[in-house]
Amino acid sequence: MNSASLSPIAMHKENIQSSVQKTGQTDRPVEVVAAEEPSLAGRPDYIKVSDFSFNYVPAVRVLHNITMEIPEKQVTAFIGPSGCGKTTLLRNFNRMNDLIDGVSHEGHIYVNDQDIHDRNLEVISLRKRIGMVFQKSNPFPKTIYENVVYSLRVAGQKNKQLLNEVVERSLKSAALWEETKDRLHDSALGLSGGQMQRLCIARAIANRPEILLMDEPCSALDPIATAKIEELITELKQSFTVVIVTHNMQQATRVSDRAAYFFMGKLIEMDDTTQLFSNPSQKETEDYISGRFG
Amino acid sequence: MSEFSQKIGASKAERAAPGEPMVWFSGMWLAIGILMIVFLLSVILVNGLSVFWPKDVVQVELTETSKAGWKQSKYFAGELRKTQQRRVANEAGEAIPEIQLFVGNRDVYGFGFKFIDDSDISRRTFPQDILMVERMEYGDMIAYPVKLQLVGGKEILAGEQGFDEELQSAVERANLRRDKISFIERGEIGGVNREMERLKMKLKKAELNTEGVEKVKLEAEQKQQVLQQEYEKLAAQAAALRKQQNEDIFFYRLVTGEQRSQVVGDLVSFYYPNQLTLAGKISHFFSRGWGFLVDEPREANTEGGVFPALFGTFVMTLIMCILVVPFGVVAAIYLQEYAKQGLVVRIVRIAVNNLAGVPSIVYGVFGLGFFVYILGGSIDSLFYPERLPTPTFGTGGLLWASLTMALMTVPVVIVSTEEALASVTRGMREASLAAGASKWQTIQHIVIPGGLPGIITGMILAMARGAGEVAPLMLVGVVKLAPTLPLDTVAPFVHLERKFMHLGFHIYDLGFQSPDSEAAKPMVFATTLLLIVLVVVLNAAAIMIREKLRKKYSSGAF
Ligand SMILES: Nc1ncnc2c1ncn2[C@@H]1O[C@H](COP(=O)(O)OP(=O)(O)OP(=O)(O)O)[C@@H](O)[C@H]1O
Ligand SMILES: [Mg+2]
């Protein structure tokens with residue numbers, strides 16, 4: 001990874017993480033590390049999308065010339081009718097769409113000034129910095145514990161104590177600790193749908209990624225869990241950049257700082273959330289958020 | 001899972017709606033299939049198990065005019081094996097009923113079985129004191145005991161107090177001595193022989209190198225002398241035991257009236273078939289069944305047990321699994337996970353599927369040509385030049401047989417592994433990759449564990465096919481009678497170059513190659529039953545592992 005392109009905070013965090021991984025004897029919990037980070041104001045263009053277009057199948061364009069900036073340490077909400085391309089754009093941020101045969105793109109996406117499609121950039125190191133919660137919950141057929149620590153395991157983390165701490169912290173953050181603390185070593189597939197989704201959230205934040213992508217994380221959750229997740233999102237933005245896709249307008253207003261409205265693969269409007277919802281500049285946006293559409 | 005099966009249940013109920021002809025039609029074919037399988041299995045089960053069940057011995061008296069008698073005698077005694085009609089009717093076109101007796105005493109009669117027309121028999125009796133004796137040679141003896149002459153001249157007449165006990169203990173002593181002799185001759189003397197052989201090879205190798213020959217020669221000769229002495233000591237021990245085997249003598253009388261004697265060292269066990277109670281029969285049944293499992297074969301395999309064949313089959317199947325599973329799984333991983341899906345991969349897949357249909361004998365020929373001659377030959381000339389021209393690996397053996405079977409069953413493993421890997425959902429893979437795992441880590445931590453039950457299914461199919469196959473094995477290492485097991489206590493413990501015995505080949509050999517097919521028939525059934533049981537046991541073990549895994553992950557995808 002080109003560390004020159006990282007922000008000072010990210011570098012700081014990177015160093016600590018790697019020192020933990022190398023020596024494996026630091027018993028400082030990661031939480032302390034996070035708390036120690038100086039709370040600098042984030043840069044406004046942490047993720048920069050410039051004139052980005054995307055095709056799943058040749059000649060069928062799903063995203064059209066998207067240009068946007070996503071600020072650091074803020075919550076950005078993607079809204080728009082079903083099928084407009086929110087998931088597609090989100091999955092481009094960690095190059096998840098690379099896995100699909102026949103896709104192609106034009107334009108650039110920069111994360112912290114680094115072109116993520118750069119040939120020299122290792123996609124694995126990119127994904128290590130980005131956590132993702134999928135639209136459909138997809139826990140591994142492993143124990144709850146192993147699900148949560150998966151990203152640390154594949155990074156080679158073997159410190160048991162640290163793993164235990166990560167499990168507790170992550171499950172607490174995802175509002176799942178109380179329900180699962182006595183059955184951490186049971187199969188995750190024995191959880192309910194909503195619990196699975198929260199487990200996926202816990203898994204995504206376990207290694208404290210710089211960016212968290214959440215694709216409708218609350219669509220399967222009850223109001224209490226939803227409230228907890230929203231609380232979590234608000235908490236997370238102290239240190240991380242969050243992008244959330246949601247169909248729930250209230251949720252968007254509650255949690256997000258910035259909001260982007262998509263329609264038919266185009267970015268119609270992006271603005272501060274309060275601005276976008278109270279005084280949208282585009283007619284389509286107004287129609288959508290006032291429920292006259294979709 | 002349960003939800004799913006409920007759904008299936010519902011749709012079944014719909015399908016079974018009255019007036020639906022296809023239900024009855026398709027159901028009938030299934031029923032016929034199941035019926036045939038059940039019939040076949042029950043025939044094998046009944047015949048295979050009845051081998052060990054002791055039968056009554058009937059003594060028949062022939063009519064005055066009968067020509068069926070043995071020499072002048074008008075008597076036969078034996079186990080009633082069959083009651084049937086003669087294949088050819090008489091001139092009047094009437095069927096002739098006849099019976100088949102197992103009369104034993106092959107050393108006297110020259111045959112073991114006798115067909116007698118019903119019309120020739122005037123009387124049938126079941127004498128209480130007739131004795132059935134299992135012997136080392138010539139099959140069973142069926143006769144009346146007369147007396148036992150023990151070493152030192154002591155004699156006990158049959159019917160006297162303590163005769164049975166004395167005979168029993170004499171037979172047991174003989175059995176113990178026989179085991180001891182076999183241990184000395186095969187184990188200890190075998191070890192000495194191996195040592196000598198090694199010396200000879202060392203000498204030969206030294207000669208090939210030409211330098212230092214003298215020194216090696218001197219050493220070798222000294223060692224040889226020590227070994228020779230040891231050998232003579234052991235041989236003397238064995239000879240003494242052998243002599244003891246001939247000291248107790250058992251006298252008996254055939255139903256024909258002829259008096260004979262035999263040394264107790266030739267006897268294995270005895271019982272009075274017509275005196276056995278139900279409990280006695282049951283215990284006899286189990287002890288004979290156990291003997292069948294753990295004893296070595298005798299009398300051209302038609303007597304004794306099948307232990308070497310059972311063991312050989314088991315070891316061969318196990319080694320085959322160890323070879324085929326990693327091979328098949330790795331190939332399937334490449335095909336499913338790494339290869340770019342396209343025409344080439346499609347063709348490869350079709351080719352793999354078709355490989356499963358190649359006649360097994362073709363694999364045998366390939367194994368012989370490639371593994372045995374080319375690979376084995378090269379190994380011999382590289383690593384065992386001193387033993388040439390006697391081949392070590394350049395002849396059929398356990399390794400080549402297992403490899404051939406692995407090659408034969410690898411398509412099965414590839415196909416089912418591919419299916420298993422494909423069943424791991426995209427969502428699961430994406431979650432792993434999004435967590436920063438590499439492709440291989442994803443395969444290793446997510447895809448393979450998720451596909452494991454399916455992979456084990458492939459292994460089960462491969463095992464079932466491999467354990468039951470005979471034809472290719474005949475070319476690459478199976479023999480009728482192997483002198484040694486492929487596994488023993490002599491380093492390196494697993495002797496992959498050794499020839500071995502196999503239950504499938506044992507069945508073929510007994511049924512079609514043995515001189516007395518009538519005598520071998522019970523063994524054929526018993527061995528068949530055992531092979532089926534072995535395959536079932538191996539499969540059950542694999543299924544149990546699979547269930548455990550499935551429970552662990554509770555992913556009811558298979
Ligand atoms: N794997 C794929 N292959 C081909 N087309 C796809 C694929 N995934 C999505 N699409 C198409 O791309 C368009 C955008 O899909 P996307 O999943 O991004 O919508 P979305 O905004 O997330 O909708 P929703 O709110 O329903 O999740 C849709 O028209 C969809 O049909
Ligand atoms: Mg979506």
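Trainee: How many helices and strands are there in chain A?
Mentor: This is a predicted model. Chain A has 294 residues, of which 54% count as buried. Its secondary structure comes to 12 helices and 10 strands.

Trainee: What average pLDDT does chain A have?
Mentor: Over residues 1–40 of chain A, pLDDT stays under 50. Even so, 85% of the residues of chain A score at least 70. The average for chain A is 82.

Trainee: For residues 1–40 of chain A, how many contacts beyond four places in sequence does the model have?
Mentor: Read this stretch with its score in mind. The pLDDT of residues 1–40 stays under 50. Contacts beyond four places in sequence number 52.

Trainee: Among contacts in chain A between residues at least 6 apart in sequence, what share joins residues at least 24 apart?
Mentor: Contact here means heavy atoms within 4.5 Å. Take the chain A pairs at least 6 apart in sequence, then keep those at least 24 apart. The share is 69%.

Trainee: Is A:Lys73 buried or exposed?
Mentor: A:Lys73 sits in the loop between β2 (60–70) and β3 (75–79) of chain A. Its phi is positive, about 55°, although A:Lys73 is not a glycine. Most residues other than glycine have a negative phi. The relative accessibility of A:Lys73 is 11%, so A:Lys73 counts as buried.

Trainee: Which loop holds A:Glu216?
Mentor: A:Glu216 also has a positive phi, near 45°, and is a residue other than glycine. Its relative accessible area is 12%, so A:Glu216 is buried. The loop is the one between β7 (211–215) and α9 (223–236) of chain A.

Trainee: Why does B:His284 count as buried, and which residues is B:His284 in contact with, leaving aside neighbours within four places in sequence?
Mentor: B:His284 lies in helix α6 (residues 278–294) of chain B. Buried means under 20% relative accessible area. B:His284 counts as buried because its relative accessibility is 12%. Beyond those neighbours, its contacts are B:Phe52, B:Pro54 and B:Tyr271.

Trainee: Which residues lining the largest cavity are the closest to its centre?
Mentor: There are four cavities of 30 Å³ or more. The largest holds about 110 Å³ of space. Of its 15 lining residues, the closest to the centre are A:Met132, A:Arg203, A:Ala204, B:Ala434 and B:Ala435.

Trainee: Which element of chain B supplies at least two residues of the lining of the largest cavity?
Mentor: By class, the lining has eight nonpolar, four polar and three charged residues. From chain A, α4 (123–129), β6 (130–133) and α8 (193–205) each supply at least two. From chain B, the element is α11 (426–434).

How values were computed:
Residues numbered from 1 in each chain as written. Chains lettered and ligands numbered in written order. Predicted model: local features only at pLDDT ≥ 70, side-chain atom pairs only at ≥ 80, totals over all residues. Heavy atoms only, no water. 1 Å grid on protein atoms, 1.4 Å probe; cavity = no way out; pocket = protein on both sides within 12 Å on 5 of 7 lines; lining within 4 Å. Points joined across faces, edges and corners; volume = space filled by probe spheres on them. Helix = DSSP H or I, 4+ residues; strand = E, 2+ residues; numbered from the N terminus. Nonpolar A, V, L, I, M, F, W, Y, C, P; charged D, E, K, R; others polar. pLDDT = per-residue confidence, 0-100. Buried < 20%, exposed > 50% of the residue type's maximum accessible area, 1.4 Å probe, protein only.
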